[in-house]
Structure formats: structure tokens, C-alpha cells
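I set out to look through one structure and to record what I found. My entries follow the order in which I looked things up.

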Amino acid sequence: MSKPNWLNVTPTEGSGNSTISNSASTHTGRVARTGTVTVQGSGVTTPATYKVTQEPKAEFASFNNGAEMAAPKDGGTLTIAGKTNSSKLTFSFVGDAHEVALPASYQANGTTTNNAAEIEGDPGAANEFAFSIELIIPDNPTVDEVDRVLKVAANGGQSVQITIKQAAGDATLSVSPTEITIPQDGSAVSVNITSNTSWTVS
């Protein structure tokens with residue numbers, strides 16, 4: 001039986017009494033990995049073996065952009081990417097999503113996966129993998145920045161949030177009608193103002 005390919009042993013040969021150093025590449029899966037090392041001695045019928053276990057990485061999910069990312073004022077499709085080793089991810093908005101619908105599915109390790117469903121093949125058992133979700137952001141018709149907070153929770157309950165900061169829209173102002181006539185008796189005639197910002201009349 002040969003050693004697992006993630007394990008490095010030094011030296012791989014020798015004579016007489018010695019010590020073998022065992023090291024490994026970083027393990028990003030959430031399940032411990034194990035293997036057996038066989039040491040064959042010249043003229044020895046039965047080789048000696050020892051078992052090696054490498055501790056797993058705690059279950060996690062993280063966004064590539066950290067805690068914040070920007071969205072343009074005119075909206076559009078926004079892809080949010082990250083890494084995880086979970087068997088299932090659940091996406092949700094924290095607070096007001098401001099007219100953004102949560103997609104029914106996302107990409108997990110290159111496979112379309114339904115929100116809150118088990119990920120096919122459970123790739124996170126052995127390694128961390130990439131995920132991404134696409135949001136359709138509407139344009140921002142206000143003169144204020146709009147914040148939306150997206151949360152992703154791993155199957156073990158670990159969660160992380162990212163704030164999507166959408167730039168403020170352009171200030172707009174229009175009046176309708178653009179011309180009025182006040183009757184001889186002076187009674188009021190209305191003009192409608194459509195605006196997304198403060199205004200004054202002079």
C-alpha cells in the first residue's frame with residue numbers, strides 16, 4: 001500500500017536507525033483525511049506500516065470581496081463569489097433587499113445548485129471550492145446610496161455577510177404641466193413636481 005499523494009515523507013529511503021519526517025499540503029476539506037505509509041525492509045518479509053491522519057479545516061464560507069462590494073447606480077447583473085467547504089449553502093438577505101429577488105440557484109464547484117440544497121458530490125468534504133451567485137440589481141432612482149446585505153450560511157451554521165453598496169442615482173426634477181393660466185378670480189391651479197431630491201421654489 002502506497003502513501004497518499006497529499007503526504008510528504010523525508011527521507012524515502014535509508015539504512016539502520018532513522019527518523020521519517022511527515023508533512024502535508026494544507027488541507028481545506030472539512031473531513032479529516034487518512035492514509036497509510038508502508039516501510040519495506042530489505043530481507044524483511046512483512047513490511048511495517050503506520051497510519052497518518054490530517055486534521056480538517058473547520059467548516060466555513062467566505063466572500064472573495066470581503067465585507068463590502070460596490071454596485072453601479074444603473075444596476076445590472078452582479079456576480080458575488082466566494083469559497084466554502086460546506087455540504088450545503090443557504091443564501092438570504094438581511095433586512096430590506098430593495099427590490100432584489102434572491103435567485104433560486106447558484107454555482108457550487110461549477111455545478112448549478114438550488115439554494116439551501118445539498119451540493120452534488122459534496123466536494124467540500126475533501127477540499128474547499130468556489131461558489132458564485134448572480135443578483136439582478138435594479139437602477140437606483142434615489143439620490144441616496146442603497147445598501148443590501150447578503151448572507152450565506154454553511155450547513156454547520158457558520159455564516160458570513162457582504163454589504164452591496166449601490167451608488168446613488170442622479171438627481172431628477174420635472175414639473176407638469178410646464179405652463180399654466182390662473183383664472184381671473186385668482187383660484188389655485190396645481191403644478192405637479194416629480195423629483196427624487198429636495199427642491200425650492202423661487
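**Entry 1: Lys 165 and its partners**

I began with Lys 165, which is partly exposed, with a relative accessible area of 23%. I note that the model is a predicted one. I found that the side chains of Lys 165 and Asp 147 meet in a salt bridge, 3.0 Å from N to O. Lys 165 lies in strand E13 and Asp 147 in strand E12, so this pair ties together parts that are 18 residues apart in sequence. Asp 147 is partly exposed as well, at 32% relative accessible area.

Lys 165 also forms a salt bridge with Glu 145, where the closest N and O atoms are 3.6 Å apart. Glu 145 sits in the loop between E11 and E12, 20 residues from Lys 165. I recorded a relative accessibility of 48% for Glu 145, which counts as partly exposed.

**Entry 2: Other salt bridges**

I counted 6 salt bridges in the structure. One of them joins Lys 57 to Glu 128, with the closest N and O atoms 3.4 Å apart. Lys 57 is in the loop between strand E4 (48-54) and E5, and Glu 128 is in the loop between strand E10 (111-114) and E11, so the pair ties together parts that are 71 residues apart in sequence. I also saw that Lys 57, Lys 83 and Glu 128 are joined into one network by salt bridges that share partners.

**Entry 3: The sheet**

I next asked in which order the strands of the open sheet stand. The order is E6-E13-E12-E8, and the pairing is mixed. Strand E6 (68-71) and strand E8 (89-94) are at the edges with a single partner strand each, so one side of each is left without a neighbour in the sheet. On average, neighbouring strands are turned by 25° against each other, direction ignored.

Strands E12 (residues 146-154) and E13 (residues 159-166) pair in the antiparallel sense over 8 bridges. I noted Ser 159 in E13 as the bridge partner of Ala 153.

**Entry 4: Thr 163**

Is Thr 163 buried or exposed? Its relative accessibility is 18%, and it counts as buried because the limit is under 20%. Thr 163 is found in strand E13. Leaving aside neighbours within four places in sequence, its contacts include Met 69, Asp 147 and Val 149.

**Entry 5: The cores**

Finally, I examined the largest nonpolar core, which has 23 residues. Among those touching the most other members are Ile 80, Phe 91, Tyr 106 and Leu 150. E11 gives the largest share, 5 residues. A second, separate core of 5 residues includes Leu 7, Val 9, Val 37 and Val 52.

Conventions:
Residues are numbered from 1 along each chain as its sequence is written. This is a predicted model: local features need pLDDT of at least 70, side-chain atom pairs count only at pLDDT 80 or more; totals for chains, interfaces and linings use all residues. Side-chain values use heavy atoms; hydrogens and water are left out. Two strands pair if DSSP finds at least two bridges between them. Helices (H or I, at least four residues) and strands (E, at least two) are DSSP runs, numbered from the N terminus. Axes are lines fitted to C-alpha atoms, for helices over the stretch in contact, and angles run from 0 to 180 degrees between N-to-C directions. A nonpolar core is a set of buried Ala, Val, Leu, Ile, Met, Phe, Trp, Tyr and Cys residues joined through side-chain atoms within 4.5 Å. Buried means under 20% relative accessible area, exposed over 50%, partly exposed in between (1.4 Å probe, protein chains only). Contact means heavy atoms within 4.5 Å. A salt bridge is a side-chain nitrogen of Lys or Arg within 4 Å of a carboxyl oxygen of Asp or Glu.
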